[in-house]
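Hi,

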Amino acid sequence: TPYLNTEYIGRKILHFDSIDSTNIKAKEFAQRGEEEGTVIISEEQTKGRGRLGRSWASPKGEGIWMSIILKPNINPMDASKVTQIGAAAVCNSINEMGIDALIKWPNDIVLNRKKVCGILTEMSAELNIINYIVIGIGINANIRKFPEDIKDMATSLKLEIGNTISRKKLVGKILNNFEELYNELVNNNSISKSLNICRKKSILLGNKVKIISRNQEIIGKAIDITNEGELIIETENGKREKLISGEVSVRGL
Ligand code: BT5
């Protein structure tokens, strides 16, 4: 992609026509010693995956389905920070194309309150050492029609803005933004730039939300995102709770 000006993220891009999941493929490559920064992209995924075994609709030719292989020297407990970096990079990139997307913590990008992008970060670690992290990014770039079960909550950039967007340009921007934000984690063990974007572009902060975590529901007001990337909510009795991203789903109310 001519839009790329990174040092190591996306310098090698492996492009597939159809595979099960770019995350699965990236994990196989990472396992076999593929270096940091390599990107797997597929025109179609036959088994696109969301969090907790959910599926991700990934039709042919109209979306951006990609995964980045990372090998950061950080504590495995901090792996979810990569999701915040990804969300910030994607949101920034879509914004740079003149489109007003927002971030729905922890792993969604929304446009006109509907989901245009989801992020799935997966890790392999032994003891306290990360073997690799794979961050999967799914963007409904030019999708024109969604399956019945998600058509009310999902949308594409094309459906919202009315014209076809350049997937190459958007991928280039995302990788550029991602490298800059990821370097902060690698060099300074901080994601403050990403978190500033996540806060500024948050669709949740200041609003009432319903959190669904392990079959429990909590209703409260989203107050802040901590420097560790956790969401703080204040429940109706004034109690503050810190939520880590892992197994949480958030609904706006
Ligand atoms: C996510 O999970 O949002 C993470 C999605 C990650 C997809 C990328 S594509 C490249 C890489 N390879 C993979 O196999 N995955 C990654 P979660 O927060 O669990 O949301 C999943 C839910 O979003 C589903 O249960 C549906 O309700 C909804 N959904 C499914 N497909 C969608 C789509 N194309 N657009 C918007 N929403 C969708």
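How many residues surround the ligand, and which are the closest? The shell counts 27 residues, and the closest are S21, R49, R54, K115 and N140. Please keep in mind that this is a predicted model.

**Ligand site**

Start with the pocket. The ligand takes up the space of the largest pocket. Strand β6 gives the largest share, with four residues. Sorted by class, the shell holds 13 polar, nine nonpolar and five charged residues.

- R49: a backbone N or O atom is 2.8 Å from a ligand oxygen.
- R51: a polar backbone atom lies 2.9 Å from an oxygen atom of the ligand.
- A57: a backbone N or O atom sits 2.9 Å from a ligand nitrogen.

How much of the ligand does the protein bury? Taken alone, the ligand exposes 790 Å², and the protein buries 92% of that.

**Salt bridges**

Side chains of opposite charge can pair when their charged atoms come close. The count here is 19 salt bridges, with a cut-off of 4 Å between the side-chain nitrogen of Lys or Arg and the carboxyl oxygen of Asp or Glu. One of them joins the side chains of R49 and E122, at 2.8 Å from N to O. R49 belongs to the loop between β2 (39-45) and β3, while E122 is in strand β6, so this pair ties together parts that lie 73 residues apart in sequence.

**Backbone geometry**

Most residues other than glycine have a negative phi, and most peptide bonds are trans. Two places depart from this.

Which peptide bond is cis? The bond from W105 to P106 is, with omega near 0°. P106 is found in the loop between β4 (102-104) and β5 (108-111).

R113 is not a glycine, yet has a positive phi of about 70°. R113 is in the loop between β5 and β6.

Best wishes

Notes: Residues numbered from 1 in each chain as written. Predicted model: local features only at pLDDT ≥ 70, side-chain atom pairs only at ≥ 80, totals over all residues. Heavy atoms only, no water. Near = heavy atom within 4 Å. Polar contact = N/O pair within 3.5 Å; in protein donor to acceptor, adjacent residues only side chain to side chain. Areas by Shrake-Rupley, 256 points an atom, 1.4 Å probe, with all protein chains shown as cover. 1 Å grid on protein atoms, 1.4 Å probe; cavity = no way out; pocket = protein on both sides within 12 Å on 5 of 7 lines; lining within 4 Å. Sits in = over half its atoms within 2 Å of the grid points. Helix = DSSP H or I, 4+ residues; strand = E, 2+ residues; numbered from the N terminus. Nonpolar A, V, L, I, M, F, W, Y, C, P; charged D, E, K, R; others polar.
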